[in-house]
Amino acid sequence: MRHLSSSRFMALKATIYKAAINIADMNRHYYADHDLTLAQHPSENAERAMLRVLVWALHANSELSFTRGISTDDEPDIWEKNLSGEIETWIELGQPDEKRIRKACGRARKVCIYNYGGRTPEVWWQQNRDKLSRFDNLHVYRIPEAAKELTVLMERVMKLHCLIDENQITMGNDKDSGQYEITQLFPEN
């Protein structure tokens, strides 16, 4: 009988990125510098990793943090907890199923879903709108397809700036930047 080496079956490790980000949020009158550590899961592509940074910037505060995210079922991508450990804000990227959203809405004061990727977000929202519109603490947004350009900013050590004014977000570094408009799908304005 042949014995297989256990090292062949070791889990792949996350790739760690560091980002110094300057945020100027005109909507909330929030102006701050933050140092972030972003762990990119082996199954996560660069677009999704950079969208997590963008979404983090939209909600930035000292209590906001990345979670184990994609590798766990009981945590969102980003969350904000209060001093007693209760979840204030639960933030997910993609198109989670209704059961997951229902659970999140029961656990957090505010739940934000950021959809991205071609036509998929519109199809997902049309299929789930009626079931999800009953949640008073749910907010659903659409990130434009052009935001995939953020991958040009991705480096192991990043120095970024982010300007937020109304629904317009400008994110970049010293060489490149892009402007994106986030659309709120729910609740409708």
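The paragraphs below go through the sheet, the helices, the nonpolar cores and the cysteines of this structure. The model is a predicted one, in which local features need pLDDT of at least 70 and side-chain atom pairs count only at pLDDT 80 or more, while totals for chains, interfaces and linings use all residues. Residues are numbered from 1 along each chain as its sequence is written, and side-chain values use heavy atoms, with hydrogens and water left out.

Helices (H or I, at least four residues) and strands (E, at least two) are DSSP runs numbered from the N terminus, and two strands pair if DSSP finds at least two bridges between them. Here 6 strands form an open sheet in the order β3-β4-β5-β6-β7-β11, with mixed pairing. Its edge strands, β3 and β11 (183–186), each pair on one side only. Strand β7 (residues 138–142) and β11 run antiparallel and are joined by 3 bridges, and in β11 it is Gln-184 that stands opposite Tyr-141.

Helix α1 lies across β3, β4 (78–81), β5 and β6, running at about 150 degrees to β5. Helix α2 (residues 98–107) packs on the sheet and touches β5, β6 and β7 (contact means heavy atoms within 4.5 Å), and its direction makes about 145 degrees with that of β6.

A nonpolar core is a set of buried Ala, Val, Leu, Ile, Met, Phe, Trp, Tyr and Cys residues joined through side-chain atoms within 4.5 Å, where buried means under 20% relative accessible area, exposed over 50% and partly exposed in between (1.4 Å probe, protein chains only). The largest such core has 40 residues, and Ile-21, Ile-23, Tyr-114, Ile-143, Leu-150 and Met-171 touch the most other members. Among the elements that give two or more residues to this core are β1 (15–25), β2 (30–40) and α1 (46–59), and α1 gives the most, with 9 residues.

The cysteines come last. With a disulfide taken as a pair of cysteine sulfur atoms within 2.5 Å, the count comes to 0 disulfides. Cys-112 is without one because its sulfur is 9.8 Å from the closest cysteine sulfur, in Cys-105, too far for a bond. For Cys-162, also in no disulfide, the nearest cysteine sulfur is that of Cys-112, 15 Å away.

Key
Axes fitted to C-alpha atoms, helices over the stretch in contact; angles between N-to-C directions.
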